[in-house]
Amino acid sequence: YGATAEDFAEIARINHAHSARNPYSQFRTPYTLSQILPSPTLHHPLTKLQCCPTSDGGAAVIIVSEAFLTAHPHLRPRAILIAGQHLATDSPTLYDGSAISLMGYTMTALAARLALAEAGVSPLDIPVCELHDCFSANEMITLDALGLCPRGKAHEMVRAGDITYGGRCVVNPSGGLISKGHPLGATGIAQAAELVWQLRGCAGERAVPGGASVALQHNLGLGGAAVVTVYKRADGGSSADAVAIPQGEEEGGVGYNPAVEARGFTRAQVEKVRSRRWASEWALGDTQRKVEARF
């Protein structure tokens, strides 16, 4: 469709720039196009700084029913609604000889269309999106498949600055897989965490200007499935209207805002939230030691 090596590199530049604002990112160093383009080529036009790293990480979400939320009304201002979600698998277009099809374009487009319809949202209504950018080429393809731009115009969206702050849709405010990191099984939930923080209004300097009332998530596994999820605030509001959470009650009462500050945790905090029935010392392993070493 006319995308150049510079267009793919620009996607990586933006993700690395976003990553500098994320305390959980594996890489927090911004890079210029003049650094990204001449970095070692892995497969033309992709250079090393356009490819996700080998990563380790973890993430978690708590899902509750509407009945639970009704019984605990004080949680509603923090609750985020899964307004639409769809999983799609590969179609016969996988074998049509196109690299775009091979990367899951058709299944992503189908999952996006159905999830957005379920949520009653247009792609043009999306102000913030976390998508599966394992390589800059994947982001280019996915922008198109999600409907964030007309077919074949993703590179024009990139050139116009419409995938970052000040543009039409902030894509991967976390830094994405390219720079935040790609810990495989934890990647999708990490995307969800970022979008929850965005909608709650606690994402700090990563927050979408003007606030957000809806967010879009795309996750992918080649060979192959794609999941697209649409989130909304459960109270129907916008992150711009979010009420500040009192000091000491932030995100579960940990005493700070984990969306903007990465801290370790104590064994006492671990015991407070681990399952009393299914807790396993074997599963915990040396995690506590690793956390203490990191923080």
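Author: Before we start, a term: buried means under 20% relative accessible area, exposed over 50%, and partly exposed in between, with a 1.4 Å probe and protein chains only. The model is predicted, so local features need pLDDT of at least 70, side-chain atom pairs count only at pLDDT 80 or more, and totals for chains, interfaces and linings use all residues. Residues are numbered from 1 along each chain as its sequence is written, and side-chain values use heavy atoms, with hydrogens and water left out.

Reader: OK. Is Ile82 buried, exposed or partly exposed?

Author: Ile82 is partly exposed, because its relative accessible area is 40%. Ile82 sits in strand β3, residues 80–89. Helices (H or I, at least four residues) and strands (E, at least two) are DSSP runs, numbered from the N terminus.

Reader: New topic. How many aromatic pairs are there?

Author: There is 1 aromatic pair in the structure. The ring centres of Tyr24 and Trp197 are 5.9 Å apart with the planes at 20°, so the pair is stacked. For the cut-offs, rings of Phe, Tyr and Trp (its six-membered ring) pair if their centres lie within 6.5 Å; planes under 30 degrees apart count as stacked, over 60 as edge-to-face and the rest as tilted.

Reader: Where do Tyr24 and Trp197 sit in the chain?

Author: Tyr24 is in the loop between α1 (5–19) and α2 (33–36), and Trp197 is in helix α9 (residues 187–200). They are 173 residues apart, and the pair links distant parts of the chain. Tyr24 counts as partly exposed at 37% relative accessibility, whereas Trp197 is buried at 15%.

Reader: Which rings have an Arg over the face?

Author: Arg21 lies over Tyr165, 4.4 Å from the ring centre, and Arg263 lies over Tyr256 at 4.2 Å. A charge sits over a ring if NZ of Lys or CZ of Arg is within 6 Å of the ring centre and within 35 degrees of the ring normal.

Reader: And His18, what does it touch?

Author: His18 is in helix α1 and is buried, with a relative accessible area of 2%. Leaving out residues up to four places away in sequence, the contacts of His18 include Ile163, Tyr165, Val170 and Pro173. Contact means heavy atoms within 4.5 Å.

Reader: Last one: why is α6 called largely enclosed?

Author: Helix α6 (residues 136–145) has 9 of its 10 residues buried, so it is largely enclosed by the rest of the structure. Among the buried residues of α6 are Glu139, Met140 and Asp144. Just after α6, Gly147 takes a positive phi of about 85°.
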